[in-house]
Amino acid sequence: MTHWDNTRRGLQQACSNLQRLSTITVSGRLTRLRGMLLEAEGCQINTGQRCLVRNRNGQQVEAEVVGFDRQRFFLMPMEYGEGLGPGDTVLPLSGDTGIPVGKALLGRVLDGMARPLDGKGGLLCDKRITLHGAPINPLLRRLITQPLDVGVRVLNGLMTAGRGQRLGILAATGVGKSVLLGMMTRNTEADVVVVVLVGERGREVREFIEHTLGVAGMAKAVVVASPADDSPVMRLRASLLGHRIAEHFRDEGCHVLLLMDSLTRYAQAQREIALAVGEPPSSRGYPPSVFSLLPRLVERAGNGCSDRGSITAFYTVLVEGDRQEDPVADAACAILDGHIHLTRQRAAGGHYPAVDIGLSISRAMERVVSPAHQASAVAFRRAWERCHEIRELMELGAYTQGSDPVRDQVLALEPQLNRFICQGLTESVSLPDTIQALTRIAEECSHAGKDNDPLAQNPTGTTADAHGTDAVSG
């Protein structure tokens, strides 16, 4: 045996011994607690890394690094803990928690740490993935070319969603956002539904699962819940977890419907963290980091590569008053592919879903529907706007029903238009049935309005307003 062989064998033995040695971890100590913000020193950790804070009694709280200042590290606990004091041990954790994924997730309810909340035992999943997946090259994403049937007539007909599209549901509290999400969950043709409940009241989580989703909805759904009493880090993590689970099913070739309630609570959780670490507010109390995280989250939805599935996402956004005054709502409308407005006025009148079709739009609709469907939707919207204008004139006393047969003919269509928009909570209307009903209404709308077409009376259009409707003087 040569000297070189002896040397090589010695190196191999040394490497084998090193691999069996345990890794030495340098722990730090807790120096300050301010609100929910923990400050630690004496260890080397990175932003986004998880740590265990252990007190003198052996109790420990898991936290995440959210910032640093020179050698001081700022941590935010995953869960609220008691009994922490100065000098408590801060132990860095290596790597991230693996997320169990697979068909065994269907019908289960998880928290932000992917732990079961439903009391059905552990997750029997063979595969585990990391929380942060690699982004998709935008040039490799498949285009939005196919419609997604969500089983809700007004959405299927007037703001058709495409596979891989991302839409916002903008509404104030108590106007039926959760009801609309439940209808889509039960009625959609998607293979898998991922529901993310962030920042909701604790009782609403169980109500949504048992009453809104029901047994049929839960059969193909995964629910990730982080109620309002969770820490802001847990709420952020639940949002990321829901998207990561949806990404897994998309990469497996499934068509996924992702429903998140709500994007506003996600922004508020990031605001709590950013303000705690000293980031200055810039827009109505929201720091700049909020508006950089929003697109990073929603861009994880959408179509995959040519040989993979899709994620069609609906995000609820809380809006009180004009959305232009709400920076989160305004930012959401800018980064999403459409928005659906729910109004308290229609909800108070018993119209569900309480969709305001004049303010709602799907930017991908014209690419996923036929020209005839698009024309029918335009005719419906036009008739709806004319009915609304006539009603306003009647309220002002500028028009009396019976004085103009043409306007009366348009106004007579209003009950039929309302019946098309409204739908029972347990009713499911397929996309073909929706198109058939919309075509019939559009034919009647065109017949009722053709004698009052301003372009037919004046080709120059000088008597028409900006919407192409009749310019009526009071």
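**Close-up views of a predicted model**

**Figure 1. Helices H5 and H6.** H5 crosses H6 in a left-handed manner; a crossing is left-handed if the near helix is turned anticlockwise from the far one by less than a right angle, and right-handed if clockwise. Helices (H or I, at least four residues) and strands (E, at least two) are DSSP runs, numbered from the N terminus. The model is predicted: local features need pLDDT of at least 70, side-chain atom pairs count only at pLDDT 80 or more, and totals for chains, interfaces and linings use all residues. Residues are numbered from 1 along each chain as its sequence is written, and side-chain values use heavy atoms, with hydrogens and water left out. Two packed helices are described by the angle between their axes and the distance between the axes. The axes of H5 and H6 come within 9 Å and cross at roughly 140°; axes are lines fitted to C-alpha atoms, for helices over the stretch in contact, and angles run from 0 to 180 degrees between N-to-C directions. H5 is therefore oblique to H6; angles under 35 degrees count as roughly parallel, over 145 as roughly antiparallel, 65 to 115 as roughly perpendicular and the rest as oblique. From H5, Pro 232, Val 233, Arg 235, Leu 236 and Ser 239 meet Tyr 266, Ala 269, Gln 270, Glu 272 and Ile 273 of H6, where contact means heavy atoms within 4.5 Å. The residues in the contact of H5 with H6 are six nonpolar, two polar and two charged. Here Ala, Val, Leu, Ile, Met, Phe, Trp, Tyr, Cys and Pro count as nonpolar, Asp, Glu, Lys and Arg as charged, and the others, Gly among them, as polar.

**Figure 2. Helices H6 and H7.** H6 and H7 have axes 9 Å apart and pack at an angle of about 135°. The two helices are therefore oblique to each other. H6 passes H7 in a right-handed crossing. On the H6 side the contact is made by Leu 263, Tyr 266, Ala 267, Gln 270, Arg 271 and Ala 274, and on the H7 side by Ser 289, Val 290, Leu 293, Leu 294, Leu 297 and Val 298. Nine nonpolar, two polar and one charged residues make up the contact of H6 with H7.

**Figure 3. Helices H3 and H4.** Helix H3 (residues 177–187) packs with helix H4 (residues 202–218) at an angle of about 10°, and their axes are 9 Å apart. H3 and H4 are therefore roughly parallel to each other. H3 contributes Ser 178, Val 179, Leu 181, Gly 182, Thr 185 and Arg 186 to the contact, and H4 contributes Phe 208, Thr 212, Leu 213 and Gly 217. By class, the contact of H3 with H4 has four nonpolar, five polar and one charged residues.

**Figure 4. His 248 in helix H5.** His 248 belongs to helix H5 (residues 232–251). With 8% relative accessibility, His 248 counts as buried; buried means under 20% relative accessible area, exposed over 50%, and partly exposed in between (1.4 Å probe, protein chains only). Not counting residues up to four places away in sequence, His 248 touches Val 101, Gly 102, Lys 127 and Ile 129.

**Figure 5. Asp 408 in helix H12.** Asp 408 is placed in helix H12 (residues 405–411). Its relative accessibility is 18%, so Asp 408 counts as buried. Leaving aside neighbours within four places in sequence, Asp 408 is in contact with Tyr 399, Gln 401, Gly 402 and Ser 403. The C-alpha atoms of Asp 408 and Cys 387 are separated by 9.4 Å, and the two residues are 21 residues apart along the chain.

Figure 6. Most residues other than glycine have a negative phi, and most peptide bonds are trans. Asp 261 and Ser 262 are joined by a cis peptide bond, with omega about 10°. Ser 262 lies in the loop between strand E13 (255–261) and helix H6 (263–276). The peptide bond from Tyr 352 to Pro 353 is also cis, and its omega is near -5°. Pro 353 sits in the loop between helix H9 (344–348) and strand E17 (361–362). Ala 114, which is not a glycine, has a positive phi of about 65°. Ala 114 is found in the loop between strand E8 (109–110) and strand E9 (127–129), and is buried, with a relative accessible area of 9%. Arg 284 has a positive phi too, near 50°. Arg 284 lies in the loop between H6 and helix H7 (288–298) and, at 61% relative accessibility, counts as exposed.
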